[in-house]
Amino acid sequence: MPKAKQKTDISTMADIFNDCQNSMQGHGQLIKSLKKLYKETDFSDFWPEFNKMMKHPMVVFTREPAVERTIDFITQFIISLTPEEAQQESADTTLDNICENKLLLEVVTFLLQVHSAKGKAIRFRCCQLINKLLSNLGENAQIEDDMYDKIFESMLERLRDKVPVVRFHAVMALARLQDPHDDNCPVIKAYLFLISADTSPDVRRAVLSVIAPSTKTLAAILERTRDVNDTVRKMAYMVLGEKVHIKALSIARRIQLLQDGLTDKADSVKNACASRLLQAWLGMLEGCALDLLSSLDVESSSETCELALNELFKASPLHELADKFDLLNEDILIPMDKLTCESAMYWQTMCKYIDSKGTDGEVQLEKVLPNSIKLCEYIKSYVENLKTVEDLEEQVMKEFILKQLFLLVEVLELSDNASRKAVENLFHDLLMADHIGHHLMKYVVPRLCQLRSNSDDISTYFAETISEIREPITVVEKGMDDDSRRQNDIKIASLRVKINQAKEELEEHVRNQEFSKAAELKALISELDAEKSLLLTAEESQQETVRTEKTDVATILKCQTIVAEMLEEMTLKSINPTLQMLIESLVLPGIQSEDGLLRNIGQRTLGLCCLIDKDLVLQHLPLFMQASKIDEENVRATALYVMFDILHLHGMDAIQKPNSDSDSEEQDAQDHASNFVAFLGGFLDSESAKLRTIAAEGMAKLLLSGRVVSSKILSHLILLWYNPLTEDDTHLRHCLGTFLPVYSFACRSNQEKVEEAFMPTLKILLNAPLSSPLAEVSIENVAELLIQLTSLRLLLRNQDEIVEENPSHANVALAVCNEILNNPDSFSVKLWVKILNKLELGKDDIITIKETFILTQRITEVMEDRKHLKSIEKFQEYLGKFLPEGFINENPARKTSETEEAADTTVGDITSALGDTSSFFQEPHKITRTTARSDASLSKTPTAPPPKKKAAKSTAKTTKAQQAVIAAADDSDLENQVFVSPKPTRASTRTATKGVKDMENTPVRTSTRNTKSKTNGKDPSCKKLTEVITASASSENEGPGTRTRRKSQRTLRSVQSGDQEGK
């Protein structure tokens, strides 16, 4: 007869729950004690007491260590129950079924009942417990479809929760319910929505850690590598390294991932890319670095490949690098048959890396770097092989290898004369070689300039070399004309007749034995034969050495490139006669050529000459201006670069005529300079993105250097930064995003210019027609940026000091108040009122504050909107902090607002059922809050938008000046959002999100300035998460796993998430 079970000992269970809070080490013994109590007690008695104990930690929202230990203990105990212990009637132990564990089923049912409580702590703990229970089940765990539907529907509702930490654990709880093989899986659809549209980086990171990679989800995972939050980017690289094979990515995508990751401003992202992604790819390719380079296309992405190789080298000792490189022969050279683009790049990058270690790498460098003479001979033999290459693709490949060999020469030690002479002869021969094109000159000319120190000697040497290239010595065959040849033939015929006559007379004298006369005739015949031979030789063509000028495009382009590279490498103070001769004979004719490449390199070369000699600017400036207007885009871009460089180096004096003494001439000179700056500023509105970027970068440099002082240009740059047309121009966004804080916080005079641009910039946006791209810009975000840029306390010299004044904000307050008084019924009053309440005034601005206070009183008299009046009164209260009481009494403010009653928040139904829980937490060594560490990162909603584009990613090391540029988003309405997607806006309107299809905004890294878009009411363009998942609960799926029958089961997917335990 079975022994009757006793009632639950409440004190024993309470002691167990109290003890589990102290340390994780004693949980094993406590679980055994609780299991013993569970076996000896009827379930109907055990469950109410266990449920009561479980409720205590569920009302604590903060991440108290004692509460976390209690939650872990509850989870471990429930999962530790075997089917026999949980439900003795069950005999099937082959499957880990959630319904076979009665306590587990009751706990899950209870959690699903209270998951929608009003208390955020209860919702948080419900999702946390469900997450831990499901994740700790075995790999073969199965769940009935009815339970699956309940869990999914409940967690789906929690995905729309306003508290990020609740959404986080709801995401983790749904991890094992996803089916990557089902194209219509509702969980994956929910994940895809959250990963792109959730405002919390922790939620996006959680989705990344659990989402199953597939063809459907891969694009969303890759997009998170450009997320605005560095922790999300880090998780994206970790997931790609652990779960995605390199062959699943295209070559372009691999290169982009490495480029973004290895150049990221956050060190954690760099480390994740190098240690997780790069090392994982190397392991997939069996540790062969050359195969890794082959998968990256080194010819078109050499810089990225060098970054990757350097990261791989850092993970290995120097002696292993030298010993594992087994391609070198006894001469420390790679055999020609093994010399490929990958092996050449690996060789030169490894030599540079070892050489950068200084004395620590001297021994290893000798193992991988040959001596100078052998390497020069090696390169010469390889250059000779280029002559026979006809295939264009093969030629490009061999030229890339040759570039790597040129870079390898830079590592050579040239302390002895023999090595220097060998290298100099090598590069001189390369200059003279006809089959070496102009694009290789940038590797040859700088090296020759380093070997020759004297500037005049260098210019003379290159002038002679260019002369030899353009007019090489050739051998010409020279023949006789027709008249000379005819005369020569007559003479030869006459000599032949004479010779024949002499021979006949010689025979006759011999027969007559007149030997003396015979001897004279014989001598005559010899003379005639010699004369005849001379005439015959004269008929043959003669060879002559002459200089022939080459006028083909390739030769001229090569010569101009040599001059340009020489000018960039040399330090000259004036144009010497040699350079003047090259300008007249080579550069100017090239600018007038019909070939675009010649005109482009000609503009560049002439611009370098103008940088050396200011006197050339006035002479050739019209040429640059004309080229920037009417030539092809590349030539226009080069001319624009030249003009900005001239202004930046020489200033406005370079474009003004000298000896301007009279006032009229000085005024004309100033007008001329203003017109020229206006001419350059016109390119800010160019249709060409390239020209627009060059103009913006050039204007930013001129403003920053003080060459140009203009609030209009500054306003234009700010509008250009926000303009949706520049959305895809990463370089422009990066440049302006870096320039604005650096310029504004450099000195007070710069802030005054920003102050002058404050109102005009906002008025342009307010008056922009609907057809203009500027109509899409968030004006409030622009205003917040301008407020930050004009804050005196953010100046570099004031960041460590307490500033008692802020004149720019005081002046802006006056301007805004006047604007409101001019048109108090305007739709823009809402913007002006918000600006007033965001300004920071100082007590030293008392005069301006008094004037502003009087203006606000006038505003209250003419303004009728009560909401705006309340904001004005709030601003008046702020002003009252700086004003004396007598002044306020003399000018009493109008009181129209009413006090608002604060509503007390109520706790959910579960908290009312708990009763008094104070005794449970007042015990010594129990749950204490004095030593608790709260995880604020999950309980708080982000209040600042993501930083600027890839160039301006968020980093923990941002300075105050950089933080000032980040426009803070208004999260006051986040508590009321039920995860409805905001209206789709373009990323260029400075939102932190980018449209995902037609229904959500995506916080993406390519968007640089962001503001939070809110939905007021129901908008047809917005879709809720439940709309994204198209009736998944009611859909009928064929085959195993259907949820149409109550007894059908689902196998829970095993998820390994490194992020779960951390939360």
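These are my notes on a predicted model of one chain.

**Ground rules.** I number residues from 1 along each chain as its sequence is written. Local features need pLDDT of at least 70, side-chain atom pairs count only at pLDDT 80 or more, and totals for chains, interfaces and linings use all residues, while side-chain values use heavy atoms, with hydrogens and water left out.

**Whole chain.** I looked up the secondary structure and found 48 helices and six strands. Helices (H or I, at least four residues) and strands (E, at least two) are DSSP runs, numbered from the N terminus. Of the 1063 residues, 52% count as buried. Buried means under 20% relative accessible area, exposed over 50%, partly exposed in between (1.4 Å probe, protein chains only). Next I checked contacts (heavy atoms within 4.5 Å). Among those between residues at least 6 apart in sequence, 73% join residues at least 24 apart.

**Gly261.** I found Gly261 in helix 14, which spans residues 251-262. Is Gly261 buried or exposed? Gly261 counts as buried, because its relative accessibility is 0%. I left aside neighbours within four places in sequence and listed its contacts: Tyr237, Val269, Lys270 and Cys273. I also looked up Arg233, 28 residues away along the chain from Gly261. Their C-alpha atoms are separated by 8.5 Å.

**Glu393.** I turned to helix 22 (residues 392-409), where Glu393 is found. Glu393 has a relative accessible area of 66%, so I noted this residue as exposed.
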